[in-house]
Amino acid sequence: MSKLLDKEFENKSLTDLVKAPISALAGVSEGDAKLLMEAFHIKTVGDLGRNKFFRAATAIVDLADTMK
């Protein structure tokens, strides 16, 4: 998890991580989080993971990868 999360969130439970701000993800800045909020109303890691646009993109990529 250390590669995925900022240090302060590494030992949090999955339940807490779902509720954590997007900036808890390694490489996501406060500015990035603000833009995600403005564009998609995403506030938490859970919001991002459940977002229909991100889920659709992930599904398309996964399907394309299986076609290789």
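Predicted model: local features only at pLDDT ≥ 70, side-chain atom pairs only at ≥ 80, totals over all residues.

Mentor: Residues are numbered from 1 along each chain as its sequence is written, and side-chain values use heavy atoms, with hydrogens and water left out.

The side chain of K34 meets that of E38 in a salt bridge, at 3.9 Å from N to O; the term requires a side-chain nitrogen of Lys or Arg within 4 Å of a carboxyl oxygen of Asp or Glu. Both residues belong to helix α2, residues 30-40, and because they are four residues apart there, about one helical turn separates them.

A search of the whole structure finds two salt bridges, and the pair K68 and D65 also forms one, with 3.6 Å from N to O. K68 is exposed at 81% relative accessibility, while D65, with a relative accessible area of 41%, is partly exposed. Across the protein chain there are 10 positive and 10 negative side chains, and the centres of the two sets lie 4 Å apart. In that count Lys and Arg are positive and Asp and Glu negative, with His and the chain ends not counted, and each charge is placed at NZ of Lys, CZ of Arg, CG of Asp or CD of Glu.

Helix α2 has a loop on either side that deserves attention. In the loop between α1 and α2 lies A20, which is buried, at 4% relative accessibility. Its C-alpha is 12 Å from that of A33, a residue 13 positions away in sequence. Apart from neighbours within four places in sequence, A20 is in contact (heavy atoms within 4.5 Å) with F9, K43, T44 and V45. In the loop between α2 and α3 (45-50) lies H41, which has a positive phi of about 60° although this residue is not a glycine. H41 is exposed, with a relative accessible area of 58%.

As for the chain as a whole, its elements run α-α-α-α from the N terminus, with four helices and zero strands; helices (H or I, at least four residues) and strands (E, at least two) are DSSP runs numbered from the N terminus. The C-alpha atoms fill a box of roughly 40 × 25 × 20 Å along the principal axes, and 21% of the 68 residues count as buried. Of the contacts with a separation of 6 or more, 17% come from residues 24 or more positions apart. The accessible surface comes to about 5,300 Å², with 61% of that belonging to carbon and sulfur atoms.

One part of that surface is nonpolar: M1, L4 and L14 form a patch with about 350 Å² of accessible area together. M1 itself lies in the segment before α1 (14-19) and is exposed at 51% relative accessible area.

Methods. Patch = residues over 30% accessible without salt bridge, like charges linked within 9 Å, V, L, I, M, F, W, Y side chains within 5 Å. Areas by Shrake-Rupley, 256 points an atom, 1.4 Å probe, with all protein chains shown as cover. Buried < 20%, exposed > 50% of the residue type's maximum accessible area, 1.4 Å probe, protein only.
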